[in-house]
Amino acid sequence: MKVRLGNGYDVHKFGPGDHVVLCGVKVPHDQALMGHSDADVGMHAITDALYGALAAGDIGRHFPPSDPQWKGAASEIFLRHAVKMARDAGYEICNVDCTLVCEFPKIGPHADAMRSTLADIMGMPVGDISVKATTSEKLGFTGRGEGIAALATAALVAT
């Protein structure tokens, strides 16, 4: 059995707005995340974890931020592309684990909706997807409330 693992990491800073999009879910907040696309830091980390497991580079390689067609794009586009690449290469996605690092907004009340949204996008059972959060104990840029970081791991198995 051939197993491939990948990890992903992404950060986005806060700016003006009234919500953030995390793992495909609109979460009310007194700021938004800034980025070339919709700045869904969780979905970006998961997408990069899939690309990493495939040794296929990162989001920037497939969807360059210098390309205006991706301005404001929904991160679902990027994730669907990575999922299709994995399946086209003969792999099943066994599981995905994503950790959001932030002091706020609180993730717990939204984690199940995030898991469900990701499961729908990826065509996977919700039980194979984990979304959790941690703080950085008020240290660093996430601790100062300047933005959100995300880490993700994905496991692929040859079909």
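This is a predicted model: local features need pLDDT of at least 70, side-chain atom pairs count only at pLDDT 80 or more; totals for chains, interfaces and linings use all residues.
Reader: Why is H1 called largely enclosed?
Author: Buried means under 20% relative accessible area, exposed means over 50%, and partly exposed lies in between (1.4 Å probe, protein chains only). In H1, 12 of the 13 residues are buried, so the rest of the structure largely encloses this helix. Among them are Met43, His44, Ile46, Leu50 and Tyr51.

Reader: Where is Lys138, and what is its phi?
Author: Lys138 lies in the loop between E6 and helix H5 (140-143). Its phi is positive, about 65°, although Lys138 is not a glycine. Lys138 is exposed, with a relative accessible area of 62%.

Reader: How do you know which strands are at the edges of the sheet?
Author: Two strands pair if DSSP finds at least two bridges between them. By that rule, 5 strands form an open sheet in the order E4-E1-E7-E5-E6, with mixed pairing. Strand E4 (32-33) and strand E6 (129-134) are the edge strands, as each pairs on one side only.

Reader: Why do E5 and E6 count as paired?
Author: 6 bridges join strand E5 (residues 91-101) to E6. The rule asks for at least two, so the pair qualifies. The two strands run parallel. Asp97 stands opposite Ser130 in E6, and Cys98 stands opposite Val131 in E6.

Reader: What makes E5, H4 and E6 a right-handed unit?
Author: A crossover is right-handed if, with the strands pointing away from the viewer, the path from the first strand over the helix to the second runs clockwise. E5, H4 and E6 make a right-handed β-α-β unit. Helix H4 (residues 111-122) lies across E5 and E6, at about 145° to E6. That angle is taken between N-to-C directions, from 0 to 180 degrees, with axes fitted to C-alpha atoms, for helices over the stretch in contact. Contact means heavy atoms within 4.5 Å.

Reader: Which peptide bond is cis, and where is its proline?
Author: The bond from Phe104 to Pro105 is cis, with omega near -5°. Pro105 is in the loop between E5 and H4. Most peptide bonds are trans.

Reader: Why is the contact of Lys132 with Asp97 called a salt bridge?
Author: A salt bridge is a side-chain nitrogen of Lys or Arg within 4 Å of a carboxyl oxygen of Asp or Glu. The closest N and O atoms of Lys132 and Asp97 are 2.5 Å apart, so the pair passes. This pair links distant parts of the chain, with Lys132 in strand E6 and Asp97 in strand E5, 35 residues apart. Lys132 is partly exposed at 35%, and Asp97 is partly exposed at 25%.

Reader: How many salt bridges are there by this rule?
Author: The count is 5.

Reader: Which of them lies in helix H3?
Author: Glu76 pairs with Arg80, with the closest N and O atoms 2.7 Å apart. Both lie in helix H3 (residues 76-88), 4 residues apart, about one turn of the helix. An α-helix has 3.6 residues a turn, so residues three or four places apart point the same way. Glu76 is partly exposed at 32%, and Arg80 is partly exposed at 40%.

Reader: What joins Asp112 to Arg115?
Author: A salt bridge, at 3.5 Å from N to O. Both residues lie in helix H4, 3 residues apart. Asp112 is exposed at 56%, whereas Arg115 is partly exposed at 21%.

Notes
Residues are numbered from 1 along each chain as its sequence is written. Side-chain values use heavy atoms; hydrogens and water are left out.
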